[in-house]
Amino acid sequence: MSIPGIKSKPVYTGLTPDPGGCQHVLAGEGPGAEALLRLRRELAEGNDGMAPEASAVALFYTAGAGPDQGEELAEGGRDFPQPWRFPDTEGLCSALGDYLADSGMGVRLYVAGSEAFLWRVVATARDGVGISEAAIQMERCGPPARPVCCIHCKTTDPAVSTTVYQCPGCGLNLFVRDHFSRRLGVYQGVCVDAEAPGDVPEPEELDS
Amino acid sequence: MITSQQPSIPVRVTGIDQVTPSVKTFTLEHTEGIPLPCFSGGSHVVVTMKDAQGQVCHRNPYSLTSPPDDGRCYRISVRRDDAGRGGSLFMHERVGEGDFLDISAPVNLFPLNVLARRHVLIASGIGITPFLAQMHELRQRGVPYELHYQFRDDDGAPYRDAIAAREPTASFYESDQGEYLDPLAILRDQPLGTHVYVCGPAGLINDVSAAATKLGWPPRHVHSEAFTAPPVGEPFTVVCHRSEREIEVPGTASVLEALEGAGLEPACSCRGGACGECETRVLEGDIEHHDHFLSDDVKAANSRMMICVSRARTSRVVLDL
């Protein structure tokens, strides 16, 4: 049902160490821990022996909707930076914002988790602290649920897994468009039966 | 109404100030008294100079230094370069108050990043010019910035006193007094969201870029005013393959200027090897590249050239024109 060729739909790649950075900040949610573990190992292995000091790597983690892999991130002993763990994304973003506010231009931010988490962290770092998207990498992990904003009542549902879905704010049946706002971090949900009320197509799973 | 599509804007020189022994500032107004387009800080115009016979003899880009939102006049500052190709000498010796010139609409290849939280401006000598307009813009927008201004001595420091009086964030470095700016020290403790801009000789641009890289700055946060005057060199012949013409390029003119002299009108904009507008396919011949636009791979392949600044290494070059 999605329309190919929508340029605003983000394309996520895997996290890779940016050797140009001096300070590496990792933020993850739920199953994003796996991506952070892999990245942390690659950072420690270094590039031509240029591995950053453990003190130049920081980890922020919340289980989110789960699974909680915080224990796995804490393993590895003192050779690895220990994660700061938070009960929810709000707490993580608040601490991350404070941490970045004291950082300099050599920071690289790596984010792994659900799509809603990725863009919540980007908003904290970009709009709150001023880090540019050039210094941020994202890897989407877990089920392909999307953050969608209802264009009618502006309610955002952070994890929509089907198009069509019912808006939790106004109850309209919404079609999920692939148009994405990097500023708001949401896709658009548009009333699907405005022309013929009650004529609502069967919901389809969103595959990506 | 003046738009950027307009080929040129006729202006009258309404004022000339000698700001240092080697720098003159020209005030330009539209010949019909209508407002000039507003621009963004960092923009330049290309000034077309004509000799006594009305033939075009020079076309040089100059940064606009006047407040960007003031359409009553433009100001440009020209440093006299006795060893150059003659455009700056023409401006200094042949242009007087009341004279007419043609200028292009403003083009900006050195704009401020609108999302930046802080701006660090680094100038050397006449490289101060784009920052004069940019500082107007930043003051108006209330965005934090700091200026670092390197020069040899007072004579080589246009607008030093005016800047000192108006800009509390300015630092001055006089190399004759042994004072040199230290890019690492300037960039080290800048907060996230800072962008740095350099305008000056290649050595300074390289030093600032190297310091930024060492401190981990993302490349997109480092900006430099890249355009340079076309270099002089050996004469050679350009063969225009499609229009079947042969044109001689003298040692003191660029390919673009030689083509224009022959009545052709190739696409171009900055005339300094920065914008990419005049990119031309090379069918035969080796190229001495002087631009900041083509990638190293393309340059090595000799398959394309920027005709505004690059020259032939061979006595003959065939272009897809």
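Helices (H or I, at least four residues) and strands (E, at least two) are DSSP runs, numbered from the N terminus. The structure described here is a predicted model, in which local features need pLDDT of at least 70 and side-chain atom pairs count only at pLDDT 80 or more, while totals for chains, interfaces and linings use all residues. Residues are numbered from 1 along each chain as its sequence is written, chains are lettered from A and ligands numbered from 1 in the order in which they are written, and side-chain values use heavy atoms, with hydrogens and water left out.

With a relative accessibility of 1%, L259(B) counts as buried (buried is under 20% relative accessible area, exposed is over 50%, and partly exposed is in between, using a 1.4 Å probe and protein chains only). Setting aside neighbours within four places in sequence, L259(B) is in contact with C240(B), I247(B), L264(B), P266(B), I307(B) and L321(B); contact here means heavy atoms within 4.5 Å. The C-alpha atom of L259(B) sits 9.7 Å from that of E246(B), a residue 13 places away along the chain.

R271(B) is buried, at 8% relative accessibility.

Strand β15 takes us to a sheet in chain B. Five strands make up this open sheet, in the order β14-β13-β19-β15-β17, and the pairing is mixed. Two strands pair if DSSP finds at least two bridges between them. The edges are β14 (245–249) and β17 (304–306) of chain B; each has a single partner strand, so one side of each has no neighbour in the sheet. Direction ignored, neighbouring strands are turned by 40° against each other on average (axes are lines fitted to C-alpha atoms, for helices over the stretch in contact, and angles run from 0 to 180 degrees between N-to-C directions). Within the sheet, β15(B) and β19(B) are antiparallel and share two bridges, and V282(B) has L319(B) in β19(B) as its bridge partner. A salt bridge is found here too, between the side chains of D320(B) and R281(B), at 3.3 Å from N to O. D320(B) lies in the segment after β19 (316–319) of chain B and R281(B) in strand β15, so the contact ties together parts 39 residues apart in sequence. D320(B) is buried at 17% relative accessibility, whereas R281(B) is partly exposed at 41%.

Chain B also holds helix α5 (residues 202–214), whose 13 residues reach 18 Å from first C-alpha to last, close to the 18 Å expected at 1.5 Å a residue (the expected span is 1.5 Å times one less than the number of residues). Its buried residues are L204(B), I205(B), V208(B), A211(B) and A212(B). Viewed down the axis of α5(B), these fall within an arc of 130°, so they line one face of the helix; the arc is that of the directions from the helix axis to the C-beta atoms. The face turned away carries the exposed A202(B), N206(B), T213(B) and K214(B). Cover for the buried residues of α5(B) includes β8 (118–124), α4 (183–188), β11 (194–199) and β12 (222–224) of chain B. After α5(B) comes G216(B), with a positive phi near 85°.

Over in chain A, five strands form an open sheet with parallel pairing, in the order β3-β2-β1-β4-β5. Neighbouring strands of this sheet are turned by 15° against each other on average, direction ignored. Strand β4 (residues 107–113) of chain A runs parallel to β5(A), joined by five bridges, and A112(A) stands opposite E139(A) in β5(A). Helix α1(A) packs on the sheet, touching β1 (23–29), β2 (57–62), β4 and β5 of chain A, and its direction makes about 160° with that of β1(A).

E139(A) also forms a salt bridge with R38(A), the closest N and O atoms being 2.9 Å apart. E139(A) is buried at 14% relative accessibility, and R38(A) is partly exposed at 27%. Across all chains, the whole structure contains 26 salt bridges.

Key. Salt bridge = Lys/Arg side-chain N within 4 Å of Asp/Glu carboxyl O.
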